[in-house]
Amino acid sequence: MTPGETAIARCDLFRHPPYSEEASALTRRFLTSAHKAALETLAGWMQAANMAVRLDAAGTLIGRYEGTGPRTLLIGSHIDSVRDAGAYDGALGVMLGLGVVEELARQGKRLPFAIEILAFGDEEGSRFHASMTGSRFISGTLKDDPTSLTDEDGVTMEEALRGFGLHPTGLRTAPHREDVFLYLEPHIEQGPVLEAENLPVGIVTGIAAQTRLAVTLSGMANHAGTTPMHLRKDALAAAAEAVLLLERIAAQAGIVGTVGAISARPGMGNVIPGECVFAVDLRAPSAEARDAAERAFRTGLAEICARRGIGQETTTVQQLAPCLCDGAAQTLLAEAIAAQGQRSFRLASGAGHDAMSMAALCPVAMLFIRCRAGISHNPAEHVEAADVDVAARVMLAFVEKLAGTAEL
Ligand SMILES: [Zn+2]
């Protein structure tokens, strides 16, 4: 089998029990028996490739392949999934990292730095509604103690950690990692850009800055038959204008803006909506572009509401800084891609990844792999073995180029 076929076969093996909580779908949530089974099998593969394996306090499996010098390159992604997931989101990055070390071990080759392969257990946040627990722990950015969070069955993270053989107090002390010089995350693109460009892989320039807003519009509920149009205060009609305003602002700025959830009250066919609540998601490569769009939206929304006699309250639910990928690593990735006879292409990531939190620890780099129709978080998620082969060769070339750079 080629390296790409091996990585895909491993992801496909992990589709089913005991690596999935469900027989008919792939669901592998943090600290479940499916997560444990996946780590046991991964640990076996890591050991077979001459790696020393350990589990950290946040349930991240770490396989270490020693080098000849003191510094460490991290390669990783997440091994947990959403419910009814695809097989490659997260897992493929772990398998590709493992494949790089397997090839080095097969050649009996040691580099001037150690390589650690990380399999994060909680990127998706599909069990406890706290995401990126593993990468936030390693990078020292796990600010609030998550151990009292409960899953839908009332099990606390503390109980789940204990069931995994971990001690919850371990999460209080972040590891000191001064040896780490770079984190590389290979990941499926989860978007349609590489497919449109007809390219197997792409270099990620950064992860988008994101703002989420909650908007509540207050009008007046009234009889749909007796209230003339000019005497209405229709909160949903105002929201409709606001949705189109956001779409226009984002398109003009070349960024993305979405209203993905909206509800109207009282929600009856013969009553004018008196209240409307909707969620705004704005993402842009830079905080400046995102903030300018947010300002334009807030100004336009105020104008819509004033004109319609509607009250409004807009609150910021979440604001994430953009994460920029390391420039030197992008250049090395471009060389590694060109060496495989491929066109090097750069793109921004609209989705969040562990690399965002790892950026607090060290420079980060990401390599995207084309996925069919850009579909992810869906059993239909698909990657081509030929594309994964390119990614595997690029990663190996990248690691060897890193070994040849003077700074190390
Ligand atoms: Zn992912």
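Author: Domain bounds here come from an automatic or database domain assignment. The model itself is predicted.

Reader: Into which domains is the protein chain divided?

Author: There is domain 1, covering 3–208 + 322–404, and domain 2, covering 209–320. Their C-alpha centres lie 37 Å apart.

Reader: How many residues of each domain are in contact with the other?

Author: Contact means heavy atoms within 4.5 Å. By that rule, seven residues of domain 1 touch seven residues of domain 2.

Reader: How much area do domain 1 and domain 2 bury between them?

Author: Buried area is what two parts lose on being put together, summed over both. Here it comes to about 460 Å², with 65% on carbon and sulfur atoms. On the domain 1 side, A208, P322 and G350 lose the most area, together 74% of what that side buries.

Reader: How many salt bridges does the rule find across the interface?

Author: Zero between domain 1 and domain 2.

Reader: Now the largest pocket. Why does it lie between the domains?

Author: Look at who supplies the lining. Domain 1 and domain 2 both give residues to it, so the pocket lies between them. About 1200 Å³ of space lies inside.

Reader: Which residues and elements line the largest pocket?

Author: The lining has 44 residues, and Q210, R283, A351, G352 and M356 lie nearest the centre. Elements that give two or more residues are β7 (209–218), β11 (275–284), β12 (311–320), β14 (346–349) and α10 (354–358).

Reader: How many of the lining residues are nonpolar, polar and charged?

Author: The lining divides into 20 nonpolar, 16 polar and eight charged residues.

Definitions and conventions. Residues are numbered from 1 along each chain as its sequence is written. This is a predicted model: local features need pLDDT of at least 70, side-chain atom pairs count only at pLDDT 80 or more; totals for chains, interfaces and linings use all residues. Side-chain values use heavy atoms; hydrogens and water are left out. On a 1 Å grid over the protein atoms alone, a cavity is a set of points where a 1.4 Å probe fits but cannot get out, and a pocket is an open set with protein on both sides within 12 Å along at least five of seven lines; lining residues have an atom within 4 Å of a point. Grid points are joined across faces, edges and corners, and a volume is the space filled by probe spheres set on the points. Helices (H or I, at least four residues) and strands (E, at least two) are DSSP runs, numbered from the N terminus. Ala, Val, Leu, Ile, Met, Phe, Trp, Tyr, Cys and Pro count as nonpolar, Asp, Glu, Lys and Arg as charged, and the others, Gly among them, as polar. Buried area is the accessible area (1.4 Å probe) that two parts lose on being put together, summed over both. A salt bridge is a side-chain nitrogen of Lys or Arg within 4 Å of a carboxyl oxygen of Asp or Glu.
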